[in-house]
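I opened the notebook to record what I looked up in this structure. The entries follow in the order I made them.

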Amino acid sequence: MAKALFGSVVTPVELRVAEENAALRARVQRLEQELAELRAQRDAAIAHELLSMAGDTAEPALA
């Protein structure tokens with residue numbers, strides 16, 4: 001019984017590692033969201049630039 005109880009005890013070091021892991025996962029998720037937003041902004045800027053370069057003479061591409 002003592003072994004079972006001892007195995008379920010979590011040390012402060014393990015708690016700290018778990019908290020750091022959770023914080024890092026949250027940071028990675030925020031950075032991934034920021035990256036997706038920046039990529040969307042970049043793609044929109046590229047599309048706008050291409051449309052402005054084409055002007056009124058743009059014709060639809062043949063599929």
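I counted a salt bridge when a side-chain nitrogen of Lys or Arg is within 4 Å of a carboxyl oxygen of Asp or Glu. The model is predicted: local features need pLDDT of at least 70, side-chain atom pairs count only at pLDDT 80 or more, and totals for chains, interfaces and linings use all residues. Residues are numbered from 1 along each chain as its sequence is written, and side-chain values use heavy atoms, with hydrogens and water left out.

Salt bridges. I searched the whole structure and found 2 of them. D43 pairs with R42, and their closest N and O atoms are 3.1 Å apart. E20 pairs with R16 at 3.9 Å between the closest N and O atoms. Both E20 and R16 sit in helix α2, 4 residues apart, about one turn of the helix.

How much of the protein counts as buried? I read 0% of the 63 residues, where buried means under 20% relative accessible area, exposed over 50%, and partly exposed in between (1.4 Å probe, protein chains only). R42 is partly exposed because its relative accessible area is 45%. D43 has 42% relative accessibility, so D43 is also partly exposed.

Notes
Helix = DSSP H or I, 4+ residues; strand = E, 2+ residues; numbered from the N terminus.
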